[in-house]
Amino acid sequence: MIAIRAAFQSLLFFLFVTLATQATATDHTFGEVTSTPTKIMTGSPCLFRVQMSEAPATLAGTWQGHDLSFAPSSNRHIWYALAGVDVEAAPGTYELQLVATIPDGTVHRETKSIAVARAQFPTEKLRVPQRYVEPDAETRVRIAADKQLKQAAFAHQTTSAEWSGSFRPPIQSTVTEGFGTRRTFNGKLASIHNGLDYHAAPGTPVMAANSGEIVLARELFYEGNCVIIDHGLGFTTLYMHLSRLEVSEGQRVEKGQEIGLSGSTGRATGPHLHVAVRWQGAYLDPAQLWTLHLPELPSPALSTASAPASSR
Ligand SMILES: [Zn+2]
């Protein structure tokens, strides 16, 4: 009897230790998971911040069908991902799923529910030259070629965040048309204004909203002289209708660096600067991006150098 009791006790002890260990592994690796802004609307950019008690080699995630890569702070205990919600997404509650890989190979998972509310946008009627509404055959060929160029630019891959700190408006001027406006062109074509229009006299210097790599700098049919900056991990900013390009494709730019002069090239109703923010195929509200308070990140080279040897 004594032997059976001892065996039973040691089994209980084993169960207790096993359960306690598992509880520790799941409960304490992930710390606080937060999103900014606290109320996320359709079309809004957002920052996910994840605190980790153990410094993982990598932190990845999924959000509304998008893959997320997180960038670490210098001590690798806080991880950030810049993301957003497509303007056409349905309001509701979505799951942010996280997967952390610890240098010893252990994998930890965490899920956080995040609410998305519907943003309201106005409607506007615009008049532009007819060729921009009903382009001829030759122009349609050019538009298709432009589309390929843009897709190639958006397909550009970076393995780390190139941005650091908050984004800045590319010019200091008044906004003449906000993001999300439902527009008709000459009473026909309907589209959603996927950027922000700034009043800009021709020749106004335009600055990079944050650091990154120029993935497109050329003249396109609708966009006119256009610049696209890749800020890393699928987050890009676009600058359109420029009168002059001052950067070239493949070049690295710093936040605040002059990239060109404003103008009215392409499908523009007059001189202005159109700025857009695109994350993994979704256009986001630039005005909200400017107000997002973002952390300073260690330079990608530095964070790679400090990564554990086992990380990829
Ligand atoms: Zn615009």
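Colleague: How many bridges join β2 to strand β9?
Modeller: This is a predicted model. In it, β2 and β9 (residues 107–117) run parallel and are joined by two bridges.

Colleague: Which residue in β9 is the bridge partner of Ile40?
Modeller: Val116 is the bridge partner of Ile40.

Colleague: What is the strand order in that open sheet?
Modeller: The five strands go β2-β9-β8-β4-β5, and the pairing is mixed.

Colleague: Changing topic. Is Gly260 buried or exposed?
Modeller: Gly260 is buried, because 23 other C-beta atoms lie within 10 Å and the cut-off for buried is 20 or more. Gly260 sits in strand β21 (residues 258–261).

Colleague: How far apart are Gly260 and Val206?
Modeller: In sequence, 54 residues; in space, 5.5 Å from C-alpha to C-alpha. Val206 is one of the residues that Gly260 touches, and Asn225, Val227 and Tyr239 are also among them.

Colleague: What else does Val227 touch?
Modeller: Besides Gly260, the contacts of Val227 include Ile214, Leu216, Tyr239 and Ile259.

Colleague: Which residues touch the most other members of the largest nonpolar core?
Modeller: Val50, Ala83, Cys226, Val227, Ile228 and Tyr239, out of 59 residues in that core. Domain 1 (26–119) and domain 2 (123–291) both contribute residues, so the core lies between them.

Key:
Residues numbered from 1 in each chain as written. Predicted model: local features only at pLDDT ≥ 70, side-chain atom pairs only at ≥ 80, totals over all residues. Helix = DSSP H or I, 4+ residues; strand = E, 2+ residues; numbered from the N terminus. Buried ≥ 20, exposed ≤ 12 C-beta atoms within 10 Å, placed from the backbone. Contact = placed C-beta atoms within 7 Å. Pairing = 2+ DSSP bridges. Core = buried A, V, L, I, M, F, W, Y, C linked by C-beta atoms within 7 Å. Domains from an automatic or database assignment. Lists of a residue's contacts leave out its neighbours within four places in sequence.
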